[in-house]
Every structure is written in structure tokens, then in C-alpha cells.
Amino acid sequence: MNMESIRELQAYGYIFFTIFLVIILYSYIYHLYKSEKDGKRNYEKYSDMALHDNIDDVPVEKREIPLSAEKEK
Amino acid sequence: MQASNVLNYDYSVAKCFTYATILFGIVGMLIGVIIAYQMAYPELNYFAGEYGTYSRLRPLHTSGVIFGFLLSGIFATWYYVGQRVLKVSIAESKFLMSVGRVHFWLYLVVILMAVVSLFMGISTSKEYAELEWPLDIGVVLLWVLWGISIFGLIGIRREKTLYVSIWYYIATFLGVAMLYLFNNMEVPTYFVSGMGKWYHSVSMYAGTNDAMVQWWYGHNAVAFVFTVPIVAMIYYFLPKESAQPIFSYKLSILSFWGLMFVYLWAGGHHLLYSTVPDWVQTMGSIFSIILILPSWGSAINMLLTMKGEWGQLKENPLIKFMVLASTFYMLSTLEGPIQAIKSVNALAHFTDWIPGHVHDGTLGWVGFMTMAALYHMTPRMFKKELFSKKLMESQFWLQTTGIVMYFSSMWIAGITQGMMWRASDQYGNLEYSFMDTVSVLIPYYTLRATGGLFYLIGFLLFAYNMYKTITSGKAILSEPQNSSPMQA
């Protein structure tokens with residue numbers, strides 16, 4: 001393959017990846033806002049994990065621990 | 001419920017790592033100040049025979065502050081923050097408790113052996129990866145132990161979702177594991193060819209490949225040791241100390257993925273105008289520029305967290321440390337990409353501007369944040385009020401002055417140096433010899449070393465304040481929710 005073709009392929013690759021990465025970035029931002037709008041998640045309440053972090057504070061989202069695992073502890 | 005059954009967080013491992021942070025901080029920074037003065041006064045190179053020369057001490061400084069001071073600080077905060085945001089005590093699992101203890105002692109042994117071996121001049125000669133293969137194995141083992149501790153604690157957590165700081169700690173673990181393994185692939189010469197001592201080795205890669213792997217590692221050591229875990233710290237300690245929720249949690253995770261993706265490609269900027277392929281250099285430059293976005297995403301997020309609460313800067317020196325840390329993060333993550341632009345790099349490469357850049361990041365961002373984190377943890381771990389607010393204020397201003405002296409002198413020195421190297425007369429002959437540049441730079445070296453000395457004195461004030469807090473601080477009855485209690 002001659003140098004000119006390599007350069008051409010590089011340029012196409014560059015454009016493709018730039019567009020691809022921009023799409024990924026904006027899709028993720030869209031996903032974050034959409035999940036919140038649909039009520040699937042409330043990201044902002046996760047800040048409370050740092051603010052209310054005493055061991056007896058109520059978890060922001062409690063994890064269901066299987067009874068057997070709890071006993072082992 | 002009986003008192004003995006009350007569940008509490010266990011800070012024993014966090015306390016051990018806190019002591020190690022202070023110890024290695026003093027040693028690493030002291031050596032830094034000594035070598036800085038050696039550059040200003042070269043005769044200081046001979047104060048302790050071969051053991052006192054710049055070349056012997058420089059890797060001790062870098063390894064001491066990176067792997068001694070900072071790693072201990074990262075581990076100390078992990079064993080504190082990890083439990084709290086996962087709402088589980090490490091003491092709930094005897095296994096994890098033992099892993100934590102072994103992790104600390106193995107770490108201490110490896111670091112002390114590293115100090116001894118570097119003093120003896122045993123080195124692979126790869127920057128920030130100087131340790132020889134037997135010690136590398138020790139590092140891998142202690143890293144695995146830390147991984148068990150992280151994922152073990154996550155496995156028994158009560159909080160379902162992982163707080164953003166935990167993401168950053170996980171990234172630190174995975175990032176360093178990958179980088180360290182690949183860059184330290186080495187051939188023990190004695191066992192392969194009978195050459196050298198049993199502990200000697202050469203890199204498995206050769207020439208340009210070695211350089212590329214080395215700087216992929218070197219720059220990402222900046223990413224996954226100097227940046228990612230410090231971001232983990234600030235996302236916990238600033239909101240907690242100021243009682244403010246993160247300005248935008250969504251921005252924090254968006255920046256996380258941005259940082260993870262972009263950082264790994266930027267290392268090529270260390271090799272601009274070298275023998276590596278041109279496209280690698282260009283890629284390094286471009287990704288360095290893009291890196292401004294996720295870095296500033298986190299830094300601005302932290303500053304906006306303080307929106308409407310700037311009065312706290314006046315009341316609470318810890319907030320001041322953290323806000324300045326965030327500001328220095330912004331400064332150095334703008335400065336770095338500027339230096340990575342090819343035309344700027346043509347001037348900046350190999351000059352004193354580079355260590356200037358490194359130190360406004362490490363002293364301002366990394367050092368301030370780590371000390372603020374330990375200041376925040378201590379009253380809660382030892383149930384004592386911080387010993388002296390005044391001392392903390394003096395430390396803050398002394399160290400800030402030191403940092404400004406350090407980077408401003410290195411900016412001037414670096415640009416002067418770069419301009420003198422490239423200056424030519426009308427016939428194209430170089431105008432200056434190398435020694436001409438050295439003699440011009442001497443005053444700036446003195447200024448830099450003195451700035452470093454200010455920072456070291458500030459660190460000693462920090463160590464004293466911590467010591468007095470632990471030994472004779474006023475006892476507190478209940479754990480403070482937010483602002484750390486301190487005596488005037």
C-alpha cells in the first residue's frame with residue numbers, strides 16, 4: 001500500500017472515531033438525564049452517601065443481603 | 001443492646017497508614033529539599049559520599065513521595081472512606097481485617113526495602129519504576145491484598161450503589177495493576193545469562209518500544225496515583241466537611257468515564273520530537289488537550305459544591321486546603337495540556353518548566369488534599385479535637401507561599417532555559433553553551449529550593465499538629481457530623 005492510501009485511510013479512521021466518540025459521549029449524557037426523567041434513578045441523592053455515612057444511618061439504597069451471608073458475618 | 005455489641009467502624013488499619021503517610025512524607029520531602037539545594041549549590045553533592053549524590057537521592061525523593069507518602073495516604077483514606085460510604089465495618093469480617101493488617105505490614109516492609117535498595121544504588125534506571133524485580137513481586141503482592149480488601153468490603157456492603165469515590169478507588173487499583181505489570185516486565189539477567197547480580201534485570205522491551213511503554217506507565221502513574229485517588233478523596237472529604245451535597249453527581253460520573261478513557265492515551269506527549277512514530281506523538285498531544293474537559297469537570301464540580309458557602313473558607317482552614325487543592329488541580333491540568341502542544345513542547349521539553357508543572361500539581365493538589373483528608377479523619381479516628389487551628393493557618397500560608405515560589409521560579413527558569421538553548425546568531429550557530437544556561441539559572445534554583453523548604457516546614461507543622469492532636473487533643477464525646485472540631 002502506498003503512503004497516499006495509508007494517509008487517506010488514517011483520515012477516514014480519524015473522522016470515524018471522532019464522530020463515534022462524540023456520539024458515545026452525548027448518548028451517555030442523554031442516558032443520565034433520561035434515567036432521571038423517567039424516574040429510574042435519582043443520581044443527585046447519591047451525594048447523601050457521603051453526608052449521612054454513620055454506620056447506623058439508613059442506606060440511600062439498601063442492598064438486599066442474603067440471610068446466609070448475613071449470618072456468616 | 002450491650003455496649004460490646006454496638007457496631008462501629010474500625011480504623012486500626014487507617015491509623016497505621018496515617019502514621020506511614022506522615023513518616024514517608026517527612027523523609028520524601030526532606031530528600032526533595034536536599035536535592036533542590038544541591039542544584040543551587042553543587043558542592044552539597046559530596047556531603048555523604050556516594051549516598052548523598054543527586055543521582056542517588058533523586059529516585060529516593062520521587063519514590064519516597066509517590067510510593068511512600070502518597071500511597072500510604074491513599075490506603076489510609078481507603079480504609080476510612082471505604083467503610084463509611086459502603087456502610088459496613090471492616091471488623092465485621094475477620095478475614096478482611098487480617099488482609100488489611102497484612103497489607104499494611106507487607107507495604108511497610110516493601111517500602112523500607114525499596115529505600116535501602118535505592119540508597120545502595122540498585123535500580124532498573126526506569127523513571128518511577130526503579131525497583132528491581134524481587135521488590136516488584138512484593139509490590140504486586142501488596143497490591144493484590146489491597147484489591148481483596150476493596151472488593152471484599154464491596155462484597156459485604158449495606159449500601160447498594162457504589163459512591164463515586166469508590167469508583168475512583170477501584171480505577172486506581174485496576175489502573176496501577178495494569179500499568180505496573182506491563183512496565184515492569186523484566187528479564188533477570190543472572191538467571192537468564194549468568195550476568196550481573198541475582199537481583200539485576202533488564203527491561204523486556206528494547207529501544208523505542210521501551211520508551212513508549214515506560215511513558216505510557218509514567219504518565220499514567222500521574223493519572224492513577226496523582227489524580228484518580230485524589231479525586232476519590234475530594235469527592236468524599238469536601239462535601240462531608242462542608243455539609244454540602246456534590247454540585248452535580250451526574251457530572252462526577254461523566255467526568256469519571258471521560259478521565260478513564262482519555263488519560264490512557266496521553267502518555268505519548270512525553271516523547272514528542274523523539275524516535276516514536278509521529279502519529280503516537282500527535283495522539284499524545286490531542287488526548288492531552290481533550291483531558292482538560294474531564295479534569296475541569298471534576299474540579300469545577302468541587303468548586304461549585306461550595307456555591308453560596310464561601311464563608312466557610314474564612315471559618316474552616318480544611319475547606320481552604322481543599323478549595324486550593326481543587327484550584328491547583330485546574331491550574332496544572334491546564335498547564336500540562338499546554339506543554340503537550342508540539343510547538344510549546346519544542347520550547348518546554350527537558351527544561352525546568354516541567355518539574356515546575358509537576359510540583360504545582362503534587363504540592364498544591366496532591367499534598368494539600370492528602371493533608372486535608374488526614375486532618376478530617378483524625379478527630380473521628382482518635383475522638384480528639386484537632387490541636388491547633390492557628391498552626392493550621394500558618395501551615396497553609398507558609399506552604400502556599402512555598403508552592404508559588406516553586407512554580408514561578410521554575411516557569412521563569414524553564415522558559416529562559418528553552419529560549420537560550422534555541423537562540424542562534426545570524427549564521428545559525430548556537431548563541432549559548434550549556435554552561436551559560438546553568439549559570440543563569442542558579443538564582444532560580446535557590447528560589448525553588450527555598451520554596452520547597454517552606455513546604456517542608458509546613459509539613460513538619462502538619463506532623464506536629466497531628467502528633468499533638470493524637471497525644472493531647474481535647475477529647476470529643478460524639479463524632480462531628482461535618483466541620484472538624486479544632487482548638488484555637
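Start by selecting helix α9 of chain B, residues 278–290, and look at what covers its buried residues: α7, α8, α12 (317–340) and α13 (342–348) of chain B are included. Helices here are DSSP runs of H or I with at least four residues, numbered from the N terminus. The model is predicted, so local features need pLDDT of at least 70 and side-chain atom pairs pLDDT 80 or more, while totals for chains, interfaces and linings use all residues. Residues are numbered from 1 along each chain as its sequence is written, with chains lettered from A and ligands numbered from 1 in the order in which they are written.

Now colour the buried residues of α9(B): B:Val280, B:Gln281, B:Gly284, B:Ser285, B:Ile286, B:Phe287 and B:Ser288. Buried means that 20 or more other C-beta atoms lie within 10 Å of the residue's own; 12 or fewer makes it exposed, anything between is partly exposed, and C-beta atoms are placed from the backbone.

Next, select B:Met322. Setting aside neighbours within four places in sequence, B:Met322 is in contact with B:Ile234, B:Phe237, B:Leu238, B:Met369 and B:Ala372. Contact means that the C-beta atoms, placed from the backbone, lie within 7 Å. B:Met322 is also among the residues with the most contacts inside the largest nonpolar core, which has 143 residues. Such a core is a set of buried Ala, Val, Leu, Ile, Met, Phe, Trp, Tyr and Cys residues joined through C-beta atoms within 7 Å. Helix α7(B) gives the largest share of this core, 20 residues.

Then show both chains: 26 residues of chain B are in contact with 20 residues of chain A. On the chain B side, α8(B) supplies the largest share, four residues.

Now for some loops. B:Glu431 sits between α15 (389–422) and α16 (434–472) of chain B. Is B:Glu431 buried or exposed? B:Glu431 is exposed, because 12 other C-beta atoms lie within 10 Å.

Finish with B:Tyr128, in the loop between α3 (94–119) and α4 (133–155) of chain B. B:Tyr128 is not a glycine, yet has a positive phi of about 65°.

Methods
Contact = placed C-beta atoms within 7 Å. Helix = DSSP H or I, 4+ residues; strand = E, 2+ residues; numbered from the N terminus. Expected span 1.5 Å × (residues − 1).
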